[in-house]
Amino acid sequence: MADDHPVHHPSAMRNRGPILEALQELLPDGTAVGDALEIASGTGAHVEVFGAGLPAITWQPSEYLPGAAAGADRALAVIDAHGCERLPNVRPAVALDASLPWEQWPAVVQEREGRFVLVFISNVFHISPWAVTLGTVAGAGRALLKGGMLVTYGPYKLDGQCTTESNARFDASLRQRDPEWGYRDVAEVAEEAAKHGLKLLTRREMPANNFLLQFVKE
């Protein structure tokens, strides 16, 4: 599959390969069978390679779509063009606001409560209100089966500090743009996740000063 698709953001094109490799290590082929939920699928850049690279998983893409219905339909159609229209193990994308309580998540997600082997989200926590992080870990706690994983990818603070000067500058610019945005501290996310039965198991360094966090449902 070509890596220069014009619809996808360049950062998604760069990180999806390393993320897929990490997921393949966490979900070895032939041993992980079940449902996976991707929160904030964007244009479908990740799910189109995740679906192909992890064919034993059935993927449910989703996206935050606060606008008019017509615009939402177009956004979901873009994801589907890279997902369910190409791959048999990808379901049609749905609108999902992760800041909302579980009871307001899409019915197709709620009906599989406690059956997901994976919930995945990337590059969202630092460009959204803290409520999105809280809602994501709470929702993952409901969605995942015992032993299932919440995997998050993106930039984080460690012990209250950004890991590089460039990250510190970007974090400051985000907070100037919106006081509710900014890098989250790994320890704070782990503390909230633990309230929903999710234990931080691994923190993996990724390219471009990002981290991949693996939480496991106990």
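**Exercise 1. The surroundings of Arg86**

Determine whether Arg86 is buried, partly exposed or exposed, and identify the residue with which Arg86 forms a salt bridge.

*Solution.* Step 1: Arg86 has a relative accessibility of 42% and therefore counts as partly exposed. The classes are defined by relative accessible area, with buried under 20%, exposed over 50% and partly exposed in between (1.4 Å probe, protein chains only). The structure is a predicted model, in which local features need pLDDT of at least 70 and side-chain atom pairs count only at pLDDT 80 or more, while totals for chains, interfaces and linings use all residues. Residues are numbered from 1 along each chain as its sequence is written, and side-chain values use heavy atoms, with hydrogens and water left out.

Step 1: Arg86 forms a salt bridge with Glu48, and the closest N and O atoms are 3.0 Å apart. A salt bridge is a side-chain nitrogen of Lys or Arg within 4 Å of a carboxyl oxygen of Asp or Glu. Arg86 belongs to the loop between helix 3 (69-82) and strand 3 (94-95), whereas Glu48 belongs to helix 2 (residues 47-53), so the pair ties together parts that are 38 residues apart in sequence. Helices (H or I, at least four residues) and strands (E, at least two) are DSSP runs, numbered from the N terminus.

Step 2: Glu48 has a relative accessible area of 1% and is buried. A network of salt bridges links Arg16, Glu48 and Arg86.

**Exercise 2. Further salt bridges**

State how many salt bridges the structure holds, and describe the pairs Arg112 with Asp35 and Lys195 with Glu192.

*Solution.* Step 1: There are 10 salt bridges in the structure. In general, side chains of opposite charge can pair when their charged atoms come close.

Step 1: In one of the 10 salt bridges, the side chains of Arg112 and Asp35 meet at 3.3 Å, N to O. Arg112 is in the loop between helix 4 (107-110) and strand 4 (116-122), and Asp35 is in strand 1 (residues 34-39), so this pair ties together parts 77 residues apart in sequence. Both Arg112 and Asp35 are buried.

Step 2: Lys195 and Glu192 form a salt bridge through their side chains at 3.1 Å, N to O. Lys195 is exposed, with a relative accessible area of 55%, whereas Glu192 is buried, at 17%.

**Exercise 3. Loop residues**

Locate Asn123, Ser128 and Asp159, and describe each residue.

*Solution.* Step 1: Asn123 lies in the loop between strand 4 and helix 5. Asn123 has a positive phi of about 50° although it is not a glycine. Most residues other than glycine have a negative phi. At 23% relative accessibility, Asn123 is partly exposed.

Step 1: Ser128 is also found in the loop between strand 4 and helix 5 (130-143). Its relative accessibility of 7% places Ser128 among buried residues. The side chain of Ser128 reaches the backbone oxygen of Val124 at 2.8 Å.

Step 2: Asp159 lies in the loop between strand 6 and strand 7. Asp159 has a positive phi of about 55°, although it is not a glycine, and counts as exposed at 73% relative accessibility.

Technical notes
A polar contact is a pair of N or O atoms within 3.5 Å; within protein, one must be able to donate a hydrogen and the other to accept it, and residues adjacent in sequence count only if both atoms are side-chain atoms.
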